[in-house]
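Here is a short report for a first look at one chain.

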Amino acid sequence: LIIASLGLFGLASFSISCRVKEIGIRKTLGASTAGLVVLLSTNFLLLVTIAVLISIPVTYYGIEKWLELYAYRIDSHLFTFFLGFMILFIIALLTVSSQTLKAASRNPVISLRAD
């Protein structure tokens, strides 16, 4: 989980560093910091949501097949998957939002002067 968060942090940092001039222009034209954070975070959170929607059926099937091998088995509930998704979503939101907030709160003049 920590390695995945570091990877997401690096991807967010790289993506935002590529969009520095766009952020500066949007700030100059009157975009709010909150609007920029939502705009930049939406792409990453959409990718996390798609990854979770793909992984839930695969994981559920794998757990059911694995638990069939035991004499005393427990049932796997969808609430467990939903709870995992919420924890993952919050971690991704905090990781990406920290970078986007940092980029959106910069002075747009400095962003536009950067090479």
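## Overall build

From the N terminus on, the elements run α-α-α-α-α. The radius of gyration is 19 Å, well over the 13 Å that the globule rule gives for 115 residues, so the chain is more spread out than a compact globule. This is a predicted model. Its secondary structure comes to 5 helices and 0 strands.

Along its principal axes, the C-alpha trace spans about 65 × 20 × 15 Å.

What share of the residues counts as buried? Of the 115 residues, 26% do. Contacts can be sorted by separation along the chain. Among those with a separation of 6 or more, 77% are between residues 24 or more positions apart.

The table gathers the whole-chain values.

| Property of the chain | Value |
|---|---|
| Radius of gyration | 19 Å |
| Span of the C-alpha trace | about 65 × 20 × 15 Å |
| Residues that count as buried | 26% |
| Accessible surface | about 8000 Å² |
| Carbon and sulfur share of that surface | 74% |

## A nonpolar patch

Now to the surface. Which residues form a nonpolar patch there? They are Phe79, Phe82, Leu83, Met86 and Ile87. Together they have about 500 Å² of accessible area.

Take Phe79 from this group. Phe79 lies in helix H4, which covers residues 78-104. Is Phe79 buried or exposed? Its relative accessibility is 57%. The cut-off for exposed is over 50%, so Phe79 counts as exposed.

Conventions: Residues are numbered from 1 along each chain as its sequence is written. This is a predicted model: local features need pLDDT of at least 70, side-chain atom pairs count only at pLDDT 80 or more; totals for chains, interfaces and linings use all residues. Side-chain values use heavy atoms; hydrogens and water are left out. Patches are made of residues with over 30% relative accessible area and no salt bridge: like charges are joined within 9 Å, nonpolar side chains (Val, Leu, Ile, Met, Phe, Trp, Tyr) within 5 Å. Accessible areas come from the Shrake-Rupley method with a 1.4 Å probe; for residues, only the protein chains shown count as cover. A salt bridge is a side-chain nitrogen of Lys or Arg within 4 Å of a carboxyl oxygen of Asp or Glu. Helices (H or I, at least four residues) and strands (E, at least two) are DSSP runs, numbered from the N terminus. Buried means under 20% relative accessible area, exposed over 50%, partly exposed in between (1.4 Å probe, protein chains only). The radius of gyration is taken over C-alpha atoms; the globule rule is 2.2 Å times the number of residues to the power 0.38. Contact means heavy atoms within 4.5 Å.
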